[in-house]
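Dear colleague,

I am handing over the structure below, and after it you will find what came out of going through it. Please read the notes with the structure open beside them.

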Amino acid sequence: MRIVKTTMVMQGSKRVENNGAAHFLGRLRRDVRGNTLAMMAAFLIPLAAFTGSAVDVGRMYLVKIRLQQACDAGVLAGRKFMLDSNSSTLDSNAVTQARAFFASNFPSGLMGTPAYTSTSNPYPFVPSKTSDNQVAGTASTQVPMTLMAMFGQTSQALTVTCEARFDIADTDIMFVLDTTGSMACLATESSCSQSTVSYQRPDGTGIAYYTTEKTNSKLSGLRSAVLSFYDTMAANIDSRTKVRYGFVPYTSTVNVGFDLPQGSLVSQTTYQSRRIIGDTLFGSTSTQTYSNTTYNNCMARANREPDSGYTANGLAYVTRANWSWGDCTVTGQYARPNWRYEPVTHDVSRFILRDVVTDPTKVTGATTRWQGCIEERRTQAAQTSFSTSNLPPDLDPDLRATSDDTRWRPMWPDVTYYRPGISATNYSGSGTNPYGDFVPTNHVATTDYTSVAPYAANGWAENIRSGFHSCGKRVQLLDEMSRTEVSNYVNATDFKAIGGTYHDVGMIWGTRLISPTGLFASYTAAHPGRQAPNRYIVFMTDGEMAPNVSLYGMYGIEEYDRRISGGYGDLTDYHNKRFVAVCSAAKERGITVFVVGFGQTLNNELTTCASPGQAYYARDNAALTSAFQTIARQVAMLRISK
């Protein structure tokens with residue numbers, strides 16, 4: 001017989017009996033130490049599915065990246081080697097090359113994908129020719145699953161597409177070309193002495209001058225280089241590609257006036273000019289005496305012929321009368337104008353319309369007509385530091401003309417005169433003709449009272465020969481140009497060498513004409529339905545900056561106007577600083593700047609102006625052509641379009 005011990009305890013006034021069997025079962029019910037193993041066994045299957053999914057998705061991602069890269073490489077190669085034809089199918093060589101490049105980037109059996117080198121299982125890449133003569137491709141493969149295979153998912157299909165174009169992106173190219181007098185020389189010469197001759201401008205605006213070119217001159221080399229550039233571009237072009245060309249021939253100014261937006265020119269402006277302040281009598285006098293006359297009868301004999309102004313030869317005849325107690329003494333003498341040489345404001349409202357107008361600074365009925373070159377708008381003198389976010393009006397590529405301070409002025413050499421010194425002075429000449437209507441053969445700029453304009457009447461063209469004044473070929477705004485049109489431009493009658501070297505002048509207007517946000521935005525805007533074009537400036541010069549205080553150019557006559565120097569400091573340094581500043585402004589607008597020094601060592605300013613690695617030196621005509629071809633090949637590119 002088994003005896004179970006019973007213990008009794010007192011709880012308050014009660015007696016409690018503690019049974020040993022009940023205590024054991026309670027402890028067993030509360031014990032959970034074996035539950036973890038059971039739960040792990042239950043969760044093992046879904047955990048395996050999640051892990052397998054992550055691993056296999058990662059493998060699929062890597063395979064898809066490689067498949068896309070291989071597809072892109074294949075169509076690029078296929079487009080490069082494709083033969084142009086009317087066939088709707090891709091030629092066999094292009095297919096072979098496309099598959100070869102695909103295979104190099106996606107080897108057969110990569111990460112367990114099906115092998116494709118056997119004839120029974122062809123390439124998983126199919127290149128094809130599109131309707132617009134490009135190459136498209138489709139690449140497909142199966143990615144074997146690893147852990148997911150346990151759940152019935154043995155493989156996953158992947159497909160990618162690709163398309164390639166072998167062409168140049170829509171492109172704008174602005175040639176900024178030095179056409180100064182030294183371009184008439186050979187590349188091996190730093191200077192040459194060539195005659196200056198006149199010609200009739202083809203636009204009907206009158207006579208102009210140029211320096212006669214030597215055989216194989218630098219200017220002839222430039223013409224060939226520009227056409228070679230065009231040919232290099234054309235050799236890599238697609239029928240749907242849009243390429244626009246523009247030209248800025250520059251010297252000390254540019255011929256852009258006829259292309260400015262309406263309202264961009266002033267209606268009156270001040271020139272270093274002259275005005276008549278009275279007559280100057282000269283030469284011998286004639287005298288007659290009349291007796292027994294009244295005062296009124298005597299005074300009636302006083303006269304001037306003509307009453308106002310001067311005759312066709314620029315003279316007047318003045319008769320004076322003097323009465324004294326019945327006697328009347330009459331004297332006659334020739335007169336010519338007495339001029340005041342100083343800044344004078346002239347009305348240019350008709351002049352800027354290209355009308356033929358009477359020259360207000362001549363007395364012989366001379367007429368004049370605007371040839372299109374301009375003076376700059378307001379600027380800040382004696383400035384050597386610039387912020388491209390706050391450029392002065394003359395350097396700002398995008399500033400619109402809203403006031404006379406921001407409008408341009410027509411160059412008017414006929415009414416612009418030299419004088420000895422900056423102060424205003426009176427002068428009536430020493431010859432029988434009104435001094436300044438005709439240029440004397442001993443003229444020296446800034447020391448004589450003469451117009452800066454050259455005159456063909458007496459065969460004198462010292463101002464133009466010395467580069468003191470020039471007005472070259474009209475600029476060409478951006479446009480799609482044929483080779484014939486480009487050739488016609490650089491071989492035109494007025495694409496000539498003449499004038500002095502001002503790099504800032506060329507770069508200012510090259511940037512204005514190509515800026516995407518400037519005055520000519522309608523010409524630089526993207527073609528309808530297309531991306532914005534790539535933009536390039538090709539800047540070519542054969543010399544260093546060479547400003548002259550006596551020259552009449554885009555900033556007037558520096559000796560008098562002092563728009564750049566303020567009368568102090570190194571004029572060349574001031575212009576160089578402006579040149580570098582506008583180069584920076586161009587690059588900040590996404591414009592790539594190529595600089596070519598033609599027979600000119602690349603100085604610091606030219607190198608700084610160029611985009612990184614895009615400064616070139618050409619020692620002769622052949623090297624210039626080579627440099628232009630190199631630039632054209634860089635502009636042409638192979639790119640993925642989709």
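C192 is partly exposed, because its relative accessible area is 25%, a value between the limits of 20% for buried and 50% for exposed. Please keep in mind that this is a predicted model, and that each value here is computed from it. The partner of C192 is C185, to which a disulfide joins it with an S to S distance of 1.9 Å. C185, by contrast, counts as buried, since its relative accessibility is 2%. The torsion about the S-S bond of C185 and C192 is -85°, and the link is left-handed.

A disulfide is a covalent bond between the sulfur atoms of two cysteines. Searching the whole structure gives five disulfides, and if the bonded cysteines of the protein chain are numbered in sequence order, they pair as 1-2, 3-4, 5-6, 7-8, 9-10.

Another of these disulfides joins C71 to C162, with 1.9 Å from S to S. This pair connects distant parts of the chain, as C71 belongs to helix α2 (residues 35-81) and C162 to strand β5 (residues 155-167), 91 residues apart. The link of C71 and C162 is left-handed, with -70° about the S-S bond. C71 counts as buried because its relative accessibility is 0%, and C162 also counts as buried, at 4%.

A disulfide also joins C298 to C328, where the S to S distance is 2.0 Å. Here the torsion about the S-S bond is about 80°, so the disulfide of C298 and C328 is right-handed. Because C298 lies in helix α5 (residues 295-299) and C328 in strand β13 (residues 327-347), the pair ties together parts that are 30 residues apart in sequence. C298 is buried, with a relative accessible area of 0%, and C328 counts as buried at 0% relative accessibility.

I turn next to a sheet and the helices on it. The sheet is open and has six strands in the order β19-β9-β6-β20-β23-β24, with mixed pairing. Its edge strands, each of which pairs on one side only, are β19 (476-479) and β24 (615-618). On average, neighbouring strands of this sheet are turned by 15° against each other, direction ignored. Within the sheet, strand β6 (residues 171-178) and strand β9 (residues 243-250) run parallel and are joined by eight bridges, and M174 stands opposite G246 in β9.

Helix α8 (residues 503-514) packs on this sheet and touches β6, β9, β19, β20 (534-541) and β23 (591-598), while its direction makes about 160° with that of β20. Helix α11 (residues 571-588) packs on the sheet as well, touching β20 and β23, and its direction makes about 140° with that of β23.

Which residues of the largest nonpolar core touch the most other members? They are M507, W509, L513, I537 and F539, in a core of 65 residues. At least two residues of this core come from each of β6, β9, β19, α8, β20, α11, β23 and α12 (604-609), and α11 gives the most, with eight residues. F539, leaving aside its neighbours within four places in sequence, is in contact with V176, Y250, H503, M507, F579, F594, V595, V596 and L606. There is also a second, separate core of 38 residues, which includes F175, A187, M481 and Y489.

With best regards

Definitions and conventions: Residues numbered from 1 in each chain as written. Predicted model: local features only at pLDDT ≥ 70, side-chain atom pairs only at ≥ 80, totals over all residues. Heavy atoms only, no water. Pairing = 2+ DSSP bridges. Helix = DSSP H or I, 4+ residues; strand = E, 2+ residues; numbered from the N terminus. Axes fitted to C-alpha atoms, helices over the stretch in contact; angles between N-to-C directions. Contact = heavy atoms within 4.5 Å. Disulfide = S-S within 2.5 Å. Buried < 20%, exposed > 50% of the residue type's maximum accessible area, 1.4 Å probe, protein only. Core = buried A, V, L, I, M, F, W, Y, C linked by side-chain atoms within 4.5 Å.
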